[in-house]
Number of protein chains: 2
Amino acid sequence: MGWQEIVSRALVRDIRAVSRLISIVEDRRSGFEDAYAAIYPHTGKAHVIGITGPPGSGKSTLVDKIAAEYRRRGKTVGIVAVDPTSPFTGGALLGDRLRMQRHSLDDGVFIRSMGTRGHLGGVARATSGVVDVLDAAGYDYVLIETVGVGQSEVEVASLADTVALVQVPGLGDDIQVIKAGVMEIGDVFVVNKKDRPGVERVVAEIRMALDLAGNVSGRSRAYSGHHGPTGATTGTVDATEVAPWRPPILQTMAESGEGVAEVCDTCDAHMHRLSEDGALVERRFRRARSETMQIASDLIWRGLADDRRALDAAEELAWKVARREMDPYAAGWSLRELIVN
Amino acid sequence: MGWQEIVSRALVRDIRAVSRLISIVEDRRSGFEDAYAAIYPHTGKAHVIGITGPPGSGKSTLVDKIAAEYRRRGKTVGIVAVDPTSPFTGGALLGDRLRMQRHSLDDGVFIRSMGTRGHLGGVARATSGVVDVLDAAGYDYVLIETVGVGQSEVEVASLADTVALVQVPGLGDDIQVIKAGVMEIGDVFVVNKKDRPGVERVVAEIRMALDLAGNVSGRSRAYSGHHGPTGATTGTVDATEVAPWRPPILQTMAESGEGVAEVCDTCDAHMHRLSEDGALVERRFRRARSETMQIASDLIWRGLADDRRALDAAEELAWKVARREMDPYAAGWSLRELIVN
């Protein structure tokens with residue numbers, strides 16, 4: 001099967017073709033740019049939801065239940081499960097297979113697991129193409145599940161229309177500190193395992209952090225921060241017409257499914273709001289800009305690697321830096337000249 | 001005080017000057033490249049040790065005790081404490097102050113805390129200049145302490161001569177999975193809180209993972225992986241002359257100081273081995289190359305941002321991508337042309 005046939009089958013959600021197309025895009029096999037160009041016009045329709053939380057928060061179960069709820073509503077769902085901490089796909093693949101079994105009779109759900117450690121540029125970079133394939137294939141929702149460990153949540157936020165942050169009572173103070181750092185990217189907060197002691201404390205802490213963030217920025221929180229100000233660029237909507245989105249704090253028991261329908265409702269409401277006040281256009285522009293810049297940057301370095309003379313010069317510069325004959329900035333300027341002119 | 005005076009004072013370890021120089025380098029204030037160029041020839045003398053572990057592993061205490069032990073041996077120590085998960089420096093600063101008090105009468109220890117969330121390029125990028133300032137200021141050891149949460153350990157490994165991975169019994173399976181992914185960067189393993197139940201299991205697991213990694217790569221583990229093969233490039237030493245470094249697994253009680261001297265001895269032994277077999281030169285070349293490339297890349301993008309015409313063109317490309325009129329790769333190629341020619 002040539003890539004043209006893979007693409008046309010993937011566009012009608014032939015699961016084997018979708019799977020092969022993801023591999024092509026993921027591995028950047030030769031000719032993948034043509035395949036990507038062919039599917040790209042069909043993207044932009046899916047609602048991309050990033051779901052992130054610390055290890056042990058039950059977020060995989062929650063993602064499964066959210067997928068099941070959307071299926072119940074007649075929607076199709078693609079899931080990209082990312083574990084940026086593991087270069088070993090063994091664990092992920094095993095989990096994948098177990099999860100696949102649960103949805104195995106349902107071709108309205110597609111699950112793909114991936115590790116991204118060592119992947120230059122991290123989660124967003126590795127995941128972006130996979131999300132686009134699922135989007136083009138016509139899945140109504142694309143859920144990106146990632147472990148909340150450091151930069152990965154922030155990166156995943158750059159891809160998602162809606163970011164749901166999963167928290168859980170009783171993970172100890174160290175974990176709470178980690179959470180503090182990602183407050184600003186949450187559009188929806190989910191406190192899972194709500195039967196555990198300490199649930200009120202977690203809810204109160206989130207509320208406090210949200211209030212604090214709101215006060216600090218002095219702007220509509222939900223659309224500020226990494227997403228940048230809204231409306232200013234698109235200019236289609238007067239920001240004052242729509243009340244600012246205040247991230248709701250929901251409580252769930254993913255195991256039993258309690259509260260999951262509300263999570264789905266809230267994500268939908270958030271998407272509705274994004275479309276309404278022009279922020280969706282802005283978010284998607286930012287994603288497009290960062291991807292375009294990233295790709296251009298890759299192409300520049302790839303060009304360098306293919307140019308023996310430039311590559312030798314770059315290595316020589318690095319040796320001078322290593323020997324302290326030149327400082328890294330002087331070397332950086334020289335390398336820049338080598339590339340730009 | 002002009003930057004020249006700050007630099008000359010920092011080079012003789014005037015603590016206020018060191019602190020100000022770090023701020024200049026960290027914030028990339030105007031003229032910082034001159035200051036950096038002035039100190040850079042004085043770098044390369046410190047033994048840089050990266051110490052990383054999961055939240056709750058007691059690694060801050062361990063770092064403090066390692067610093068104290070080196071002080072006892074008449075050495076000076078700079079500490080860079082990195083929490084990549086927090087954009088709020090409040091917590092870090094508070095901890096800093098508490099730790100500073102412990103060493104406050106000793107100007108042979110310098111501590112700097114930093115958050116790096118949202119810092120483009122992550123831990124290595126943000127920390128690199130700080131490490132260089134401490135190195136130039138004449139600290140014998142620079143300890144980089146970072147929370148083991150995802151990519152940060154791997155990044156910190158790119159700066160360090162020696163990487164010590166701190167583990168701890170009883171953190172549960174999720175954490176163990178995270179650890180598995182960073183095995184390959186460890187030069188020294190430290191199992192802290194060795195009085196806890198499960199310590200033998202952790203030691204056995206590390207040993208097993210090391211054996212596995214050794215078998216998979218079929219090469220000397222310690223100098224393979226991200227550090228690349230040794231000797232081949234430098235060619236000064238026959239690799240067969242020196243037995244491969246097998247990462248030792250040490251047990252400590254950081255609180256009481258038990259086992260800390262052994263950790264120091266082992267780090268020193270590792271540095272001795274690196275110098276002996278030529279791997280140090282190789283590691284430092286790799287660090288220099290990645291920094292030079294990173295800086296050149298920054299300069300290229302900065303140049304774009306300063307060029308109104310190019311910037312407009314880049315934004316227009318991104319809008320086309322966002323509107324699905326162009327795919328990201330086509331836009332990336334166009335943007336590349338804009339920059340390279």
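What you have open is a predicted model, where local features need pLDDT of at least 70, side-chain atom pairs count only at pLDDT 80 or more, and totals for chains, interfaces and linings use all residues. To find your way around, residues are numbered from 1 along each chain as its sequence is written, while chains are lettered from A and ligands numbered from 1 in the order in which they are written.

Stay with chain A. Of its 341 residues, 48% count as buried; that label takes 20 or more other C-beta atoms within 10 Å of a residue's own, exposed is 12 or fewer, partly exposed is in between, and C-beta atoms are placed from the backbone.

**Into the core**

Now select Leu21(A), Ile79(A), Val133(A), Val142(A), Leu143(A), Ile144(A) and Ala164(A). These have the most contacts inside the largest nonpolar core, which has 82 residues. Such a core is a set of buried Ala, Val, Leu, Ile, Met, Phe, Trp, Tyr and Cys residues joined through C-beta atoms within 7 Å. Next, highlight helix α6 of chain A, residues 122–136: it gives the most to this core, with eight residues.

Zoom in on Leu143(A). Setting aside neighbours within four places in sequence, its contacts (C-beta atoms, placed from the backbone, within 7 Å) are Ile49(A), Ile51(A), Val63(A), Ile66(A), Ala67(A), Val77(A) and Ile79(A).

Most residues other than glycine have a negative phi. Which way does Arg13(A) go, positive or negative? Its phi is positive, near 65°. Look for Arg13(A) in the loop between α1 (3–11) and α2 (15–27) of chain A. Arg13(A) is partly exposed because it has 18 other C-beta atoms within 10 Å.

Then click Lys193(A), another non-glycine with a positive phi, about 55°. This one sits in the loop between β6 (188–191) and α9 (199–217) of chain A. Lys193(A) has 24 C-beta neighbours inside 10 Å, so it counts as buried.

**Over to chain B**

Select helix α4 of chain B, residues 59–72. After α4(B) comes Gly74(B), with a positive phi near 85°.

Last stop: Arg16(B), in helix α2 (residues 15–27) of chain B. Arg16(B) counts as exposed because it has 11 C-beta neighbours inside 10 Å.

Terms used. Helices (H or I, at least four residues) and strands (E, at least two) are DSSP runs, numbered from the N terminus. Two residues are in contact if their C-beta atoms, placed from the backbone, lie within 7 Å.
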